[in-house]
Amino acid sequence: MAEYKHSVSLEVSKCKGCTTCLKRCPTEAIRIRDGHAVIHSDRCIDCGECIKMCAYKAKKAVHDSLSCIEKYKYTVALPAPSLYGQFDHMDNIGYIIRGLKDLGFDDVFEVACAAELVSAYTRLYIKRSDVKKPVISSACPTISRMISMNYPFLIDNVLPILPPVDIAAYLAHEKAKADHPELSDEEIGIVFISPCPAKVSYVKNDFAGERNYITDVVSVRDVYFALLDVMKEREDEPLENTESGMIGIGWATTGGESTAIFNERYLAADGIENCIRVLDQIDNEDITSLDFVELNACDGGCVGGAMTVANPYIAQARLQALKRYLPVSPNRPASEWIPDQYFNERGIEYTPATLLSEDRKIARQMMQEIESIKASLPQIDCGSCGAPTCMAFAEDIVRGEANVDDCTVIMKMLFHQYLAEHKEKSVLDKIASDPILNLKKENAE
Amino acid sequence: MAENIRFHFDVDGENFTSAGEASVAVKKKLRQLGFPPDVIRKVSIAMYEGEINMVIHADGGTADVEVTDDEIVIILADHGPGIPNVEMAMQEGFSTARDNIRALGFGAGMGLPNMKKYTDEMNIDTEVGVGTTITMKVYL
């Protein structure tokens, strides 16, 4: 398999080597080495938790710059519906669509429109008796990657239909070709405005296979600030409005995708830890009688992505107001069954990332060592050694990536032993007996 | 020959929401050891059902998992009420769970049958008023 391209990166000079991201990483992909964080590439699922947590802004989401528009003769913006929830006091999505064109995009294709098609096709798909239930949404790439690493038996549960953004990209590409037959494929830029780094990775790693029409991925944040500037210059009402309805815009927040299946046998969860628990329970066949499961790695759903500006719940409240008077689902599929080009031909591949050794005997020996080292560690999971837990530290030692001396608790204990052996009760006593310090104290008095 | 590895877990009888944690931990370890997905799944489901049983009926207990050259052995031991009629308890749908437990979605009477279904060998050693020890084996 080709090396995985990540969209979470670290600015080493800003990283203080604190343990905040280390402790919050859901896949234990981070270690602190030489005073700064290091991301274990094969374990990172691009959830963006570390970006959200970092107090020093050392973790960054990697994405394309808005200037990518200039690379193409013709560019189409694909705004994620979460973009609409970023603006305060905005009562018409038309302002955003016009603003995007003012920024230099030739056309706008709303991802929310494609989301309504995906909802319609999902309803058809889950009605079939031969599909594995519960069907798990394919929309959140972080969840799909989590499944590919840890839940091989749930791979067949994942909805095989491409996520809305890929279908939007395909349709936008088709429309651009139809509107401008003179354009070659290379001259058309299809630019996704994404709320999260996971979608950037999804695109850069070609997870949609041959059916990837997205050329660039920019952040909701960058577009938000650029839009504020151009929106201020216009005072008149925009002529065009959104072509999406309630369902499409609902996809930006948790529960939007599920309620659109028009069936109460669904589960919608958000927050990566909650999602992991739900996946564990489905994996143990302990959640029955569900048809559909929507899992969003970010709190609140896509509005909680690491490349957004607004608080996810404030964005959600704004979206509720924006979609209130919209039709339910103006985008209807043209066919009775899901068109071939809407299926994800690449699928999900099982790629376990924590294997100790290819040789199971060696793996067992290593596990044995890990267990015995772990038993000798303080079990307080302080993170000072650079690993998130004592267990992870024991694994690092056995894998040859860390040394037992890195444990500060053990070192402190050894230090006290050393002092005791040298009949010096404590460092403080030593300082107290220091004639120079005593002299200073007398002078001060 | 590699040494056998043993993992030990205390299953907390007080806390329903943490039921299943030992099975999740074992799943993670079996993945690290490189076992094929179907083996991991068998162990995980059998152990999960057993853990839930211990929480529902026996106020918790212990779970031990041993990995040897040719099998994975799961030993679940509790000091609960014991099973008066093992044959009846093995029937699908048979349940003695109270209504409040059933309201949580547990107690469907599939626990023991599922444990048998997902493992290659299962032995129940139980005495009323003393406790139950269930030993399950998944062949490699």
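Two strands pair if DSSP finds at least two bridges between them. Strands (E, at least two residues) and helices (H or I, at least four) are DSSP runs, numbered from the N terminus. The model is predicted: local features need pLDDT of at least 70, side-chain atom pairs count only at pLDDT 80 or more, and totals for chains, interfaces and linings use all residues. Residues are numbered from 1 along each chain as its sequence is written, while chains are lettered from A and ligands numbered from 1 in the order in which they are written.

**Strands of chain B**

Glu127(B) stands opposite Gly131(B) in E5(B). The pairings of E5(B) are tabulated here.

| Strand | Partner | Bridges | Direction |
|---|---|---|---|
| E3 (71-78) of chain B | E5 (131-139) of chain B | eight | antiparallel |
| E4 (121-127) of chain B | E5(B) | seven | antiparallel |

Ala77(B) has Thr133(B) in E5(B) as its bridge partner. E4(B) and E5(B) make a hairpin, with three residues between them. In its turn, Gly129(B) has a positive phi of about 85°.

**Domains of chain A**

Chain A divides into domain 1 (8-61), domain 2 (66-342) and domain 3 (360-432). These bounds come from an automatic or database domain assignment. The C-alpha centres of domains 1 and 3 of chain A lie 23 Å apart. Eight residues from domain 1 and six residues from domain 3 of chain A take part in their contact (C-beta atoms, placed from the backbone, within 7 Å). On the domain 1 side, E2(A) gives the largest share, three residues. By class, that side has three nonpolar, one polar and four charged residues. Here Ala, Val, Leu, Ile, Met, Phe, Trp, Tyr, Cys and Pro count as nonpolar, Asp, Glu, Lys and Arg as charged, and the others, Gly among them, as polar.

**Chain A against chain B**

Between the chains, 20 residues of chain A are in contact with 17 residues of chain B. Helix H13 (residues 360-376) of chain A gives the most to the chain A side, eight residues. That side holds eight nonpolar, four polar and eight charged residues.

**Nonpolar cores**

A nonpolar core is a set of buried Ala, Val, Leu, Ile, Met, Phe, Trp, Tyr and Cys residues joined through C-beta atoms within 7 Å. Buried means that 20 or more other C-beta atoms lie within 10 Å of a residue's own, all placed from the backbone. The largest core has 106 residues; Val76(A), Leu78(A), Ala168(A), Ala169(A) and Ile193(A) touch the most other members. Domains 1 and 2 of chain A both give residues to this core, so it lies between them. Another core, apart from it, has 46 residues, including Ala363(A), Phe393(A) and Val43(B).

Notes: Contact = placed C-beta atoms within 7 Å. Buried ≥ 20, exposed ≤ 12 C-beta atoms within 10 Å, placed from the backbone.
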